[in-house]
Amino acid sequence: MLLMEKEKNFFDLIIIGAGFAGMYALYKAKQHNLSVRVFEKASGVGGTWYWNRYPGARCDVESMQYSYQFSKKLEQEWEWKEQYATQAEILKYAEHVAERYNLKPSIKFNETIISAHFDEKSKIWKINNRKGKEYTSKFCIMATGCLSSTYTPFLKGASSFEGEIYHTGNWPHQTIDFTGKTVGIIGTGSSAIQSIPVIAEQAEHLYVFQRTPHYTVPARNRFLIYDKKQNGSKKRRAEGFDTDLTVEEIKTDYDNLRKKAKKMYAAMAFNLNKKSALEVPELERKKEYENRWNKGGVPFIGAFIDLNLNREANETAAEFVRNKIRQTVKDPLVAEKLVPNYTIGCKRLAVDTNYYETYNKANVTLVDIKNDPIEKIFSRGIITKKEKYLFDSLIYATGFDAMTGALLKIDIKGTQGIKLAKKWSKGPRSFLGLAIKGFPNLFTITGPGSPSVFTNMITSIEQHVDWIFDCLDYLKAHNIEIIEATEKSENDWVKHNQEIAKPHIRSSCSSWYMGSNIEGKPEIFMPYVGGFPAYVKKCEEISKSGYKGFLLSN
Ligand code: NA7
């Protein structure tokens, strides 16, 4: 039966994307004995970690937490080397998972899917590749990723540049050595913040073209200690901020760490201070910021409970970081250019190693393109209003068409031929970020309207995939053929999402969360801002109620 279905190119389930979401969905499909096929445009697994190979690429969630938890054995076996894993280490982990669970035979690599159309008569999804080959399935899971469609802005003269051109989000597989080269990099988001210090170590000269300064805090990354005895009396933390645990200790009670994490807003365990920044004396406030700055990482923003909600509170943390920049960067003019004047945590807080320190190097020049805009790119560099910059290599660190970009690259058509691109022309609409009215039997993993990018992505992915497979079990047990979000549930969810986003700090500036980094993209707050625990509660309510908010039919 299974073989016949494969020959006919018909599957119970088709999954698009073999990143962490697609891989786990495939694992579950295999467990459920479904006939399944994954299509992946890359030649390997890993998704965003396959493509983002730029120098210095690392995850900003600790490795002991940024990992699958579906298998206790896997949790015990895998040994992370560093507190914040490098792209290479994460990709190795993804490869390991694919091998260990024999996922690769069900994945078709180098396969770009260009369309997915729902056929109302046969109630199946018709999925086409670039060459016009069609595959069909009863259910379809879009595991296309939130940050997988790179964005290169239109800049006059761009095609005339004669040197090497790179994009951080689509970096070549071979090592690129910038030794002896002059390099220009456009953008100062997280990817640039991680790569600039590494490139500056090699390049003869590095020009950084900055439009908006971003906030970043030091990672203070370290190698993990596996056995306390190895390290004598100097026990070091492997995880944490409120703990002092070795990897060994975490692994003895991994469940405890995972449980703690799932109770947190971002599905990450760390010490969140429940006090308000405004209710403590200034000395205590500064000490808290100083401690967190010294410990490193995004938990800096957990210094006080109201940093994400109250602008006055937020300003105290913002000012602390601004002062750190002024203390670190020796040239006061350069320091002032690097100082952001908006709320901290509004754009995603970056985590770095020696970012601000890099601007003290003689071979690094910061170009403030807000004050001296780029006029054009020419064969040998960039011409701004006031200057001409010559370089050999140009790097776009200009980010992604986030959350909707990869989905909308596929021509997705639902019932009555409605196109997803048309439906989302004023911004994405979805119930729970999981299902879309008019698109039956189609699920989006970490889609817009879910907490996704505000959380530990792997935990959110597992939660979505588990929810979907529970749902498929339910449909099977009740002989239901079709599941589709209702208009009302979708409208209510979108409205709720927008309402709770409004007072949140993350709505207080322009960012890729709102689509404002892409010219012409509708500005609407895309991720669910209510936090992981509230979101999970809602999802569980829906499933326990027999999928209220969905239309179930035969
Ligand atoms: P980001 O965070 O979107 O950063 C993109 C950067 O590129 C940012 O500094 C932008 O400036 C800049 N940019 C974008 N368009 C232009 C133009 N036209 N001219 C000049 N500068 C431009 O992308 P990343 O890849 O760094 O990080 C994405 C996520 O990946 C990150 O949040 C982590 O979750 C991992 P702007 O701020 O818009 O003025």
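User: In what order do the three strands of the antiparallel open sheet lie?

Analyst: The model is a predicted one, in which local features need pLDDT of at least 70 and side-chain atom pairs count only at pLDDT 80 or more, while totals for chains, interfaces and linings use all residues. Residues are numbered from 1 along each chain as its sequence is written, and side-chain values use heavy atoms, with hydrogens and water left out. Strands are DSSP runs of E with at least two residues, and helices are runs of H or I with at least four, both numbered from the N terminus; two strands pair if DSSP finds at least two bridges between them. With that pairing, the three strands form an open antiparallel sheet in the order β13-β14-β15.

User: Which strands are the edges of that sheet, and which residue in β14 stands opposite isoleucine 377?

Analyst: The edge strands, each pairing on one side only, are β13 (374–378) and β15 (388–390). Four bridges join β13 to the antiparallel strand β14 (residues 381–384). The residue in β14 opposite isoleucine 377 is isoleucine 382.

User: Why is one side of β7 and of β12 left without a neighbour in the sheet?

Analyst: Five strands form an open sheet with parallel pairing, in the order β7-β16-β8-β9-β12. Within this sheet, β8 (residues 182–186) and β16 (residues 393–396) run parallel and are joined by four bridges, with glycine 184 opposite leucine 394 in β16. One side of β7 (164–167) and of β12 (364–368) is left without a neighbour because they stand at the edges, each with a single partner strand.

User: At what N to O distance do glutamate 282 and lysine 286 meet?

Analyst: A salt bridge is counted when a side-chain nitrogen of Lys or Arg lies within 4 Å of a carboxyl oxygen of Asp or Glu, and the structure holds 28 of them. Glutamate 282 and lysine 286 are separated by about one helical turn because they are four residues apart in helix α9 (residues 282–295). Their side chains meet in a salt bridge with an N to O distance of 2.9 Å.

User: How much of the ligand's exposed area does the protein bury?

Analyst: Polar contacts are pairs of N or O atoms within 3.5 Å; a polar side-chain atom of serine 191 lies 2.6 Å from a ligand oxygen, and one of histidine 214 lies 3.1 Å from an oxygen atom of the ligand. For tryptophan 512, an N or O atom in the side chain is 3.2 Å from an oxygen atom of the ligand. Taking accessible areas from the Shrake-Rupley method with a 1.4 Å probe, the ligand alone exposes 780 Å², and the part buried by the protein is 88%.

Conventions:
Polar contact = N/O pair within 3.5 Å; in protein donor to acceptor, adjacent residues only side chain to side chain.
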